[in-house]
Amino acid sequence: MLDSMIITFKQLEMLKGLAEKAYPYEACALLAGSVEVCGSSNTYRVEQVIEVDNADRSSISFSIRDEDLIKAYETITSNGLELVGIFHTHPFSNAYPSGKDLRYMQINPVPWIILAGDEIRAFIVDEGKGVKELRLFIS
Ligand SMILES: [Zn+2]
């Protein structure tokens with residue numbers, strides 16, 4: 001039942017770099033990798049961080065342009081990977097999904113990784129009812 005996500009220290013540093021670059025706005029990225037299914041639990045392993053622009057240029061929300069999404073998906077599939085996470089930052093709040101995040105998480109049922117300061121947490125929809133937190137391993 002417990003899902004996990006594995007990211008490398010280097011990837012984490014990269015995500016922190018995106019947060020600094022986008023500040024005071026939210027940064028966002030797509031995480032490509034592979035999913036290992038073991039019984040009823042999934043392990044998401046990040047292989048690649050794909051930076052995407054926050055079209056909202058906002059401190060409280062983000063959105064990704066269609067053309068950026070298409071380009072990112074082309075990169076993901078051409079590398080033989082799949083989308084394993086949607087990353088964004090919360091420059092001025094904690095690492096927990098906002099109301100808008102929760103709505104979009106229902107539409108995009110992959111792990112959502114939120115970085116707020118030094119705090120990083122991952123969540124995924126729990127069969128359409130609310131969200132559950134994933135165990136996050138930094139390797
Ligand atoms: Zn958010």
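**Close-up views of a predicted model**

View 1. Arg57 lies in the loop that links E3 to helix H2 (66–78). The structure shown here is a predicted model, so please read each view with that in mind. Look at the backbone of Arg57 here: its phi is near 40 degrees, a positive value although the residue is not glycine. For comparison, most residues other than glycine have a negative phi. Arg57 has 13 C-beta neighbours inside 10 Å, and therefore counts as partly exposed.

**View 2. The whole fold, before zooming in again.** Three helices and seven strands make up the protein, and they follow one another in the order β-α-β-β-α-β-α-β-β-β. The radius of gyration is 14 Å, close to the 14 Å from the globule rule for 139 residues, so the protein is as compact as a globular protein of that length. Of the 139 residues, 29% are buried.

View 3. H1 covers residues 9–22, 14 residues in all, and reaches 20 Å from its first C-alpha to its last, close to the 20 Å expected at 1.5 Å a residue. Its buried residues are Gln11, Leu15, Leu18, Ala19 and Ala22. They cover an arc of only 100 degrees around the axis, which puts them on the same side of H1. On the face of H1 turned away from the buried side you will find the exposed residues Phe9, Lys10, Glu13, Glu20 and Lys21. The cover over the buried residues of H1 includes strands E1 (4–7), E2 (28–38), E3 (41–52), E4 (82–89) and E5 (112–116).

View 4. Pro24 sits in the loop between H1 and E2. The peptide bond from Tyr23 to Pro24 is cis, and its omega is near 10 degrees. In general, most peptide bonds are trans.

**View 5. Strand E3 and its partners.** E1 and E3 run parallel and are joined by three bridges; Met5 has Tyr44 in E3 as its bridge partner. E2 pairs with E3 in the antiparallel sense, over 11 bridges. These two strands form a hairpin with two residues between them, and Gly39 in the turn has a positive phi of about 60 degrees.

**View 6. Leu30 and the largest nonpolar core.** Leu30 stands opposite Ile50 in E3. Leaving aside neighbours within four places in sequence, Leu30 is in contact with Ile50, Val52, Ala72, Leu83 and Ile86. Leu30 also belongs to the largest nonpolar core, which has 31 residues; those with the most contacts inside this core are Leu15, Ala29, Leu30, Leu31, Phe87, Trp112 and Ile113. Two or more residues each are given to the core by E1, H1, E2, E3, E4, E5 and strand E6 (119–125). E2 provides the largest share, five residues.

Definitions and conventions:
Residues numbered from 1 in each chain as written. Predicted model: local features only at pLDDT ≥ 70, side-chain atom pairs only at ≥ 80, totals over all residues. Helix = DSSP H or I, 4+ residues; strand = E, 2+ residues; numbered from the N terminus. Rg over C-alpha atoms; globule rule 2.2 N^0.38 Å. Buried ≥ 20, exposed ≤ 12 C-beta atoms within 10 Å, placed from the backbone. Expected span 1.5 Å × (residues − 1). Arc of directions from axis to C-beta. Contact = placed C-beta atoms within 7 Å. Pairing = 2+ DSSP bridges. Core = buried A, V, L, I, M, F, W, Y, C linked by C-beta atoms within 7 Å.
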